[in-house]
Amino acid sequence: MPVLFVEVDNHTEPAAVVAAKIDRYRRFFLRQVKNDRGHDVPLWSTLWDDFSRGGLPPVALVFTKDVGAQARMNRIKTIRDLSRTCWQPRWQNPHGWSPNASEEDGWWEFTGTVPVIATHLDQLRTHGPYGPVWWRFGHSDWQPITEALTNTGTEEEYSAREDRRRQEQEAARAMEDQRRREEPAQWEATWECPSCQTDVELGTVGPAGYRPTEGGLCPACEHTRREEVQQSVAVDDMAGTNGILARLKARAEGR
Ligand SMILES: [Zn+2]
């Protein structure tokens with residue numbers, strides 16, 4: 001059990017008096033003294049063991065009078081509201097001045113605040129001090145004491161989120177860099193057709209399944225070239241045929 005300052009409330013004092021007691025605890029916890037090295041340290045930490053929870057020691061309000069659940073809750077809530085300046089952490093934001101939504105994330109700063117936990121004697125008797133019998137001001141549930149005294153929404157949690165965001169941004173940047181590095185390679189996969197100087201891209205498919213290789217003719221020029229080849233072959237054939245015919249003719253004429 002950590003160092004815990006217990007206030008027993010038997011419903012005899014006004015709620016404002018109980019709230020004022022919490023404030024007296026806070027001012028006491030903030031008192032500093034010189035330690036033997038001449039450093040300022042909290043007075044309370046020289047009297048009780050610091051349990052390295054961080055922050056100021058908690059105050060436990062134990063309500064004893066059986067006034068019914070509703071009346072009890074009303075009293076707890078009244079004391080909570082009257083002592084808000086003692087226990088409520090401050091919302092911190094590295095870009096507090098900016099209306100930018102992406103910069104609104106932040107954390108609760110608990111420095112200088114007193115954690116206040118409340119319970120009722122009946123609950124303590126039934127479940128013991130480690131049962132879910134503690135309601136911490138600012139929390140919404142009855143919790144076991146360790147959970148109740150654990151600060152949530154802290155700067156550490158914020159830093160972890162920041163680290164994750166930074167990693168995601170770096171990964172996105174790395175992907176963008178890679179994309180840019182690969183872009184020139186795509187440009188190198190295009191060239192000018194040596195015949196007509198239009199751009200030819202690798203992977204182009206022309207008529208008759210023609211796929212230009214790097215530096216080769218564009219599909220249009222390749223088509224023209226093939227037609228020219230076919231024509232010259234035809235001319236050659238004709239010339240050849242003409243030659244045979246001419247020889248046959250000459251032979252027939254007895255030359
Ligand atoms: Zn061409």
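This is a predicted model: local features need pLDDT of at least 70, side-chain atom pairs count only at pLDDT 80 or more, and totals for chains, interfaces and linings use all residues. Residue numbers start from 1 along each chain as its sequence is written.

**The sheet.** Select the five strands of the open sheet, in the order E1-E4-E7-E8-E9, with mixed pairing. E1 (5–9) and E9 (142–143) are the edges; each has a single partner strand, so one side of each has no neighbour in the sheet. Helices (H or I, at least four residues) and strands (E, at least two) are DSSP runs, numbered from the N terminus. Strands pair if DSSP finds at least two bridges between them.

**Inside the sheet.** Select residues 59–63 and 116–120. These are E4 and E7, paired in the parallel sense over five bridges. Now pick Phe63: its bridge partner in E7 is His120.

**Across the sheet.** Select residues 15–29. This is helix H1, lying across E1, E4 and E7 and running at about 170° to E1. Axes are lines fitted to C-alpha atoms, for helices over the stretch in contact; angles run from 0 to 180 degrees between N-to-C directions.

**Helix on helix.** H1 and H3 pack at about 50°, with axes 8 Å apart. Which residues of H1 and H3 make the contact? On H1, Ala15, Ala16, Val18 and Ala19; on H3, Arg75, Thr78, Ile79 and Leu82. Contact means C-beta atoms, placed from the backbone, within 7 Å.

Conventions
Contact = placed C-beta atoms within 7 Å.
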